[in-house]
Amino acid sequence: MDINSPFKKFSQKMLLAICLSFISAPILAADLSHYLRPSEIPQPDNNRMTPERIELGKMLFFDPRLSGSNWISCATCHNPGLGWSDGLPTAIGHGQKILRRSTPTILNTAYQPLQLWDGRARSLEKQALGPIEDEGEMAQHLHKSKDRSHGLIDELKALKGYRDAFEVAYPGEGITKNTIAKALSSFERTIVSTDAAFDRWIKGDKKAMSKSALRGFTLFEGKANCVKCHSNFNFTDNGFHNIGLEDATDAGRYAIRKVKILIGAFKTPTLRDIALTAPYMHNGAYATLEEVIEHYNVGGISKENISPNIKELNLTDNEKSDLVVFMKSLTGKPTPITYPMLPVE
Amino acid sequence: MKQKYLFNVVFIILTMVFATSVFSKEYEIDQNSKSFKMDGKKVEAVTIKVGDTIRFKNEDPFFHNIFSLSDLKTFDLGSFPKGQSKTVTFDKAGLAEVECAIHPEMYMEVSVQ
Ligand SMILES: [Cu+2]
């Protein structure tokens, strides 16, 4: 019998552990770098962000006079106090009409190549005039017409405060639908998520995440398969999927691209600040994150045309709550916002 | 007389089959990190000849769904997982826009000459 053998076993194990820690540390760091914040906020060449443009965009965003009723601003639905959304299952628009889709947050829309649940707007600039002119949302007209003595552009031009603000933000370009859209977009690009517990942990603060949140993260990337779609810094693949919600009325992305897989498919939303933006989904189907997890756990409700990446998960109760704790670790402290003074003359 | 005619037709058909099988090529375009890649490099446009085939191969750990709704060619390859591939033969000259339905950032043009 070899008296050395217990020691030998021990030293072998030690050696293995040392080797593993050397190998795994860099691998771990490399593996998670795609979760780091991109170094710059993406912005188009013809509309770089400047303080003047951002300030003008902020005024427009909070100004109810952008709507036909002079009563609804962008911030009515995209309310900074409610995670830049409205806390409603689906939005309420002009004339108190209940709309068919929920209000997404505008947080981190700067990082999205396509805007809206069905991706029909190719940029923030292309999206910005949509809600103003939409009969259901703000019911405004940009120009005067036969049955309207004035449109939004005339109303803005009548106010010196706006004339000056447009001139410093977009010298020589005037007050046009283009400059309105550009200013709104410049402001929206400033609404980005702050560092949440998860970001502090990624950057090396080992204590930033609880054990439960860490287990949730492992599930998120592994057994629960969430990362197939909710990937990278903004926790979205910017893709379109039918996740098996019960909604027979909304064709989703299929209305834009007639490909079978897109029937009932919607854009993967960000999970940043997700704790602030209940209810969830394009139709506001779920009131809590627990309900969302239950949806994924059973592999979706309606199986018709459902994404092949949605499958029954068989999560235990503990695993479900770990996933919820993890999602909450993606919620940062919102940046306080001051309400802008709006021009009255 | 009739026989000679038949012979000619068969001959012509055979040469055509032979010609296309010799001159038409198959290209492989991979779906990798949510982009179209050829020999490991990202491609936004390729030029091929009439009769050529493109094999679309998924190398990502999630599904892709390649389609085109162009006037030149309409096809929908359906969604397929990592490791699988599907082919499309382009039999007319023109321009086809090819996209992934799931990830619209994946977009390329196939110019058929
Ligand atoms: Cu794809």
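Author: What follows is a walk through one group of aromatic rings. This is a predicted model, in which local features need pLDDT of at least 70 and side-chain atom pairs count only at pLDDT 80 or more, whereas totals for chains, interfaces and linings use all residues. Residues are numbered from 1 along each chain as its sequence is written, chains are lettered from A and ligands numbered from 1 in the order in which they are written, and side-chain values use heavy atoms, with hydrogens and water left out.

Over all chains, the whole structure holds 22 aromatic pairs (rings of Phe, Tyr and Trp, the last by its six-membered ring, with centres within 6.5 Å; planes under 30 degrees apart are stacked, over 60 edge-to-face, the rest tilted). The rings of A:Phe198 and A:Phe326 have centres 5.7 Å apart and planes at 80 degrees, so this pair is edge-to-face. Because A:Phe198 lies in helix 8 (residues 197-202) of chain A and A:Phe326 in helix 11 (residues 317-328) of chain A, the pair ties together parts that are 128 residues apart in sequence (helices are DSSP runs of H or I, at least four residues, numbered from the N terminus). A:Phe198 is buried, at a relative accessible area of 0% (buried means under 20%, with a 1.4 Å probe and protein chains only), and A:Phe326 is likewise buried at 0%.

A:Phe326 also forms a tilted pair with A:Phe220, at 5.0 Å centre to centre and 55 degrees between the planes. A:Phe220 lies in helix 9 (residues 211-221) of chain A, so its pairing with A:Phe326 in helix 11 ties together parts that are 106 residues apart in sequence. A:Phe220 is buried too, at 1% relative accessibility.

How values were computed
Helices (H or I, at least four residues) and strands (E, at least two) are DSSP runs, numbered from the N terminus. Buried means under 20% relative accessible area, exposed over 50%, partly exposed in between (1.4 Å probe, protein chains only).
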